[in-house]
Amino acid sequence: MLVVRGSREFLLAPGDTQETDLGILDLPADVTPGTVIETHLGEPFEVRRLRGPDLFDHLERTGAPMMPRDIGLVIGHTGVASGDRALDAGTGTGVLSAYLGRLGVEVTTYERDPKFADVARQNMETAGVSTLVDVRTGDLTEALDELDGGFDLLTLDTGDAPAAVERAPDLLAPGGFLAVYSPFVESTRECVAAARSAGLAEIETLETIQRRMDFDDRGSRPSTAGVGHTGYLSFARFLPSFE
């Protein structure tokens, strides 16, 4: 649950206690979203249900997580939905896996760093998707021969993504999608070349740029602060010919 008052925002489980500058919060074990609770000093806080965008701010981070806008492009371009199976590499904080799990997607994700993998598992618990997201410690490229394939979506955010892209036809179900994120254009180019070599179709790359707008009494203009460019997203599809 999120416990909120103005700019103060705490992520708590039912039964937890939180010390604040306005007093001590005791979250009841049977609390429900929409409830207003008070600190021991009588200061009110609102209880809210944890929603997808809240994960970006509240999951424990082990690095730079994928931005919500990039996740939105992955979901929108691939149409991944409840009941689908996704294979992911480069779990990191696990924000992408958490978003997919909350959509009802069954996710298998690989993280090389054991400590990062442990944090990601805890984050899946926090996001409420631990039964849908299987965080595995290891390198996806070393586990490719052990996987059954038939995934509806393959998502990659690793330096050796081209090696996995080459095996995409063995991993994806017919009609399945590939989505690769990279902050660098050089690795993006390598992934596109690998997708072409693997015979994938509908290959396209997007640079993800957004500008926040500022409005004040003087006028309106794009903000001079914040992150505009985040990286490159490459998409492709496995469309085998049966002729």
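In helix H3, the residues Val95, Leu96, Ser97, Ala98, Tyr99, Leu100 and Gly101 are buried. Buried means under 20% relative accessible area, exposed means over 50%, and partly exposed lies in between (1.4 Å probe, protein chains only). H3 covers residues 95-102 and is mostly covered, with 7 of its 8 residues buried. Just after H3, glycine 104 has a positive phi of about 95°.

This is a predicted model: local features need pLDDT of at least 70, side-chain atom pairs count only at pLDDT 80 or more, and totals for chains, interfaces and linings use all residues. Residues are numbered from 1 along each chain as its sequence is written, and side-chain values use heavy atoms, with hydrogens and water left out.

**The whole chain**

The chain holds 8 helices and 15 strands. Helices (H or I, at least four residues) and strands (E, at least two) are DSSP runs, numbered from the N terminus. The C-alpha trace spans about 70 × 50 × 30 Å along its principal axes. Of the 243 residues in the chain, 42% are buried. Take the contacts (heavy atoms within 4.5 Å). Among those between residues at least 6 apart in sequence, 58% join residues at least 24 apart.

**Charges and salt bridges**

The chain carries 21 positive and 40 negative side chains. Lys and Arg count as positive, Asp and Glu as negative; His and the chain ends are not counted. The centres of the two sets lie 6 Å apart, with each charge placed at NZ of Lys, CZ of Arg, CG of Asp or CD of Glu.

How many salt bridges are there? The count comes to 11. A salt bridge is a side-chain nitrogen of Lys or Arg within 4 Å of a carboxyl oxygen of Asp or Glu.

| Positive residue | Negative residue | N to O distance |
| Arginine 8 | Aspartate 21 | 2.9 Å |
| Arginine 48 | Glutamate 46 | 3.4 Å |
| Arginine 218 | Aspartate 216 | 3.4 Å |

Arginine 8 is partly exposed at 28% relative accessible area, whereas aspartate 21 is exposed at 57%.

Glutamate 46 is partly exposed at 32%, and arginine 48 is partly exposed at 38%. Arginine 218 is exposed at 74%, while aspartate 216 is partly exposed at 41%.

Salt bridges also link Arg112, Asp139 and Asp160 in a network.
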